[in-house]
Number of protein chains: 2
Amino acid sequence: MNILILGGDGYLGWPTAMHFSQMGHAVTVVDNYFKRHAGLELDFESLIAIPNLTRRTKAWKEITGKEIKHYIGDITDYNFLKDVFITTQPDTVIHYAEQPSAPYSMISRDKAAKTLQNNLTGTLNIIYAIKETVPNCHLIKLGTMGEYGTPNIDIPEGYIDIAHNGKTDKFLFPRQGGSLYHTTKVQDTDMIWFYVRTWKLRATDLMQGPVYGISTDESAQDVRLTPSFHYDEIFGTVLNRFIVQAVCGHPITIYGKGTQIRGYLNIKDTLACVYLSAMNPPEGGTLNIYNQITETFSVLELADKVSAAAKSLGYEVTIKHIENPRIEKEEHYYNPTYTTLKGLGLTPNLLTNEILVEMLKTVLLYKDNISVDSIFKGIKWK
Amino acid sequence: MNILILGGDGYLGWPTAMHFSQMGHAVTVVDNYFKRHAGLELDFESLIAIPNLTRRTKAWKEITGKEIKHYIGDITDYNFLKDVFITTQPDTVIHYAEQPSAPYSMISRDKAAKTLQNNLTGTLNIIYAIKETVPNCHLIKLGTMGEYGTPNIDIPEGYIDIAHNGKTDKFLFPRQGGSLYHTTKVQDTDMIWFYVRTWKLRATDLMQGPVYGISTDESAQDVRLTPSFHYDEIFGTVLNRFIVQAVCGHPITIYGKGTQIRGYLNIKDTLACVYLSAMNPPEGGTLNIYNQITETFSVLELADKVSAAAKSLGYEVTIKHIENPRIEKEEHYYNPTYTTLKGLGLTPNLLTNEILVEMLKTVLLYKDNISVDSIFKGIKWK
């Protein structure tokens with residue numbers, strides 16, 4: 001298959017590119033280095049320095065003999081994106097090219113507008129590029145479980161039948177995100193769903209939870225292939241942050257009570273889920289929506305697991321509750337369904353003590369790179 | 001009250017400005033003349049030439065002694081918009097400044113992107129301007145009944161309680177628009193609802209149906225005060241188009257079967273609804289959603305009513321079904337609720353033969369201005 005990966009420099013984009021390449025597909029990646037530029041502005045960096053795409057793709061070829069093509073450019077520039085589609089003729093496009101941080105989207109008007117324009121114009125451009133160049137192409141879009149929020153009813157996979165005054169219809173499950181970033185993902189869903197219905201496109205929306213992990217089967221071959229790994233409040237996902245905090249002697253910081261429950265998954269399972277989705281494209285006119293998590297935890301449970309694993313390695317770890325900078329329900333019902341990807345063949349890598357110990361040991365190798373000041377700067381929702 | 005009207009040059013914006021001014025409020029209008037520019041590009045014009053805002057506001061002052069201030073500028077320019085808020089200190093901002101045409105949004109990628117960026121960045125900027133300059137200001141946003149689509153269940157006013165697997169929660173009614181334009185209105189709703197919850201803003205979303213009419217109490221005083229009146233397929237609402245078709249001997253063109261049902265209202269009722277909303281602001285943290293229609297008709301019923309009224313004036317009228325350029329359900333259930341605005345005091349101007357005859361007679365005065373070529377150019381959804 002021809003696979004086009006947008007956002008191919010990112011935490012998930014690059015490992016996904018290597019995984020499809022390893023499996024024998026022709027892979028092209030696109031990135032505008034947004035996260036690298038934002039890191040310069042806001043003082044955060046990947047724990048392990050990551051070569052740029054020119055150098056990473058060269059290293060990948062040296063190590064495996066396989067080629068990953070790359071383009072540096074911005075998908076909100078339609079002429080650039082359309083040219084990439086014409087050149088690569090993708091069978092599947094995997095869309096990771098969104099501004100993915102909730103705190104970033106809440107910093108200021110300018111950063112909110114940047115998030116809105118990047119995420120929505122980017123997605124619109126992909127839809128038009130598919131329609132105008134490869135109408136049969138399968139769009140795999142990374143959504144987020146955060147689109148659903150924390151409703152007081154069970155969360156199905158994407159859709160719900162509603163009975164009202166004696167009649168029934170099927171709808172997208174009503175979404176309400178907890179940040180402007182999450183709201184743009186809801187807006188993306190609205191937009192993809194419109195064009196799928198109208199133009200009979202093929203799309204899969206993966207409602208992913210926070211991902212953790214620092215290594216995949218492909219990246220483990222050489223340090224130059226390591227995924228980017230952020231531990232700051234802006235781009236660091238919660239478990240990755242807790243691991244770094246444990247290693248550098250910073251308290252594990254819990255927002256509010258820590259009773260907020262979310263669904264999580266290992267980075268290896270992200271690759272498996274995206275791969276399974278690519279191998280199982282929907283018919284034209286269908287938007288498949290899968291909840292891409294493997295288990296749920298409260299933030300407190302995560303902190304306790306990290307603490308226990310770190311203590312087993314001899315670290316002293318403290319857990320500190322701080323005033324919640326976000327506006328969110330801390331005590332809430334949470335019961336999402338996540339069976340479809342397992343039905344397609346996913347065998348989850350669950351969060352074991354062994355995995356946590358391995359992550360801690362890897363981070364320990366780069367302990368000197370940790371910038372404690374970057375961990376928490378206090379971006380508030382209000 | 002200080003009233004700020006965004007999109008104050010438009011079909012509804014200008015009459016709304018005059019109405020609030022007439023009622024004794026201090027009114028400021030803002031417009032970027034988007035519709036005038038688009039009309040030059042795409043060859044459509046208002047039936048009756050409308051003076052620009054500098055001249056209209058001057059005429060209003062000559063006729064009534066009242067002042068309406070105006071700024072020409074683009075609300076997607078945040079610095080411009082914020083300055084307007086700082087200068088005018090609005091108690092209520094009325095947001096008509098969106099690209100309002102479904103066909104326009106389906107012409108091309110560029111026009112879709114323009115619609116997306118104008119509508120969403122504009123709304124985001126208004127939200128930030130309120131928060132940063134007048135946090136207690138009441139945002140009145142024009143939504144559209146088209147956000148709901150044509151579901152197979154009754155349509156409530158904005159929200160729905162959903163029971164699922166033995167538990168219940170209240171949600172925004174799940175929306176699915178029938179064009180990219182309608183989708184941007186759904187996206188607006190998602191975004192306003194997020195910021196209302198998070199920042200405790202006060203907002204009212206008016207889910208309006210297609211408006212008809214050419215005259216209001218204020219505009220009737222002088223031809224220079226006439227609202228813009230479009231009869232083209234892009235910016236002409238359906239009943240206004242049918243009236244012009246009847247007058248100029250063009251067949252009344254029905255898309256497909258004409259069994260599509262929608263809710264409609266008289267332009268005078270739009271002013272009354274917006275006024276009632278302004279006088280009844282919600283508490284902070286509340287998004288009021290009202291369905292702003294006064295009666296429902298199928299397109300066929302509208303055509304028959306126009307035909308009957310025109311025949312009573314001696315016109316020969318033909319009705320012609322054409323292939324539907326839109327992707328929409330032609331036969332569908334439609335049962336919206338629209339009681340709240342009546343509860344607040346709205347006395348509807350229903351669609352009588354008398355009103356149709358009056359519209360026909362007014363259009364007849366400007367028959368020579370009709371450009372038959374502009375009526376239908378065949379913008380398709382596919």
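What radius of gyration would a compact globule with 382 residues have, and what does chain A have? The globule would come in near 21 Å and chain A has 20 Å, which agrees. That radius is taken over C-alpha atoms, and the globule rule is 2.2 Å times the number of residues to the power 0.38.

Before going on: this is a predicted model, where local features need pLDDT of at least 70, side-chain atom pairs count only at pLDDT 80 or more, and totals for chains, interfaces and linings use all residues. Residues are numbered from 1 along each chain as its sequence is written, while chains are lettered from A and ligands numbered from 1 in the order in which they are written.

Select chain A. Its C-alpha trace spans about 60 × 55 × 40 Å along the principal axes. Colour by secondary structure and you get 13 helices and 14 strands (DSSP runs numbered from the N terminus: H or I of at least four residues for helices, E of at least two for strands). Buried residues make up 55% of the chain A total of 382; buried takes 20 or more other C-beta atoms within 10 Å of a residue's own, exposed 12 or fewer, and partly exposed lies in between, with C-beta atoms placed from the backbone.

Next, zoom to A:Leu350, in the loop between α11 (340–344) and α12 (353–365) of chain A. A:Leu350 is exposed, with 12 other C-beta atoms within 10 Å.

Last stop: helix α6 of chain B, residues 109–133. Of its 25 residues, 18 are buried, so α6(B) is largely enclosed by the rest of the structure.

Terms used: The expected span of a helix is 1.5 Å times one less than its number of residues.
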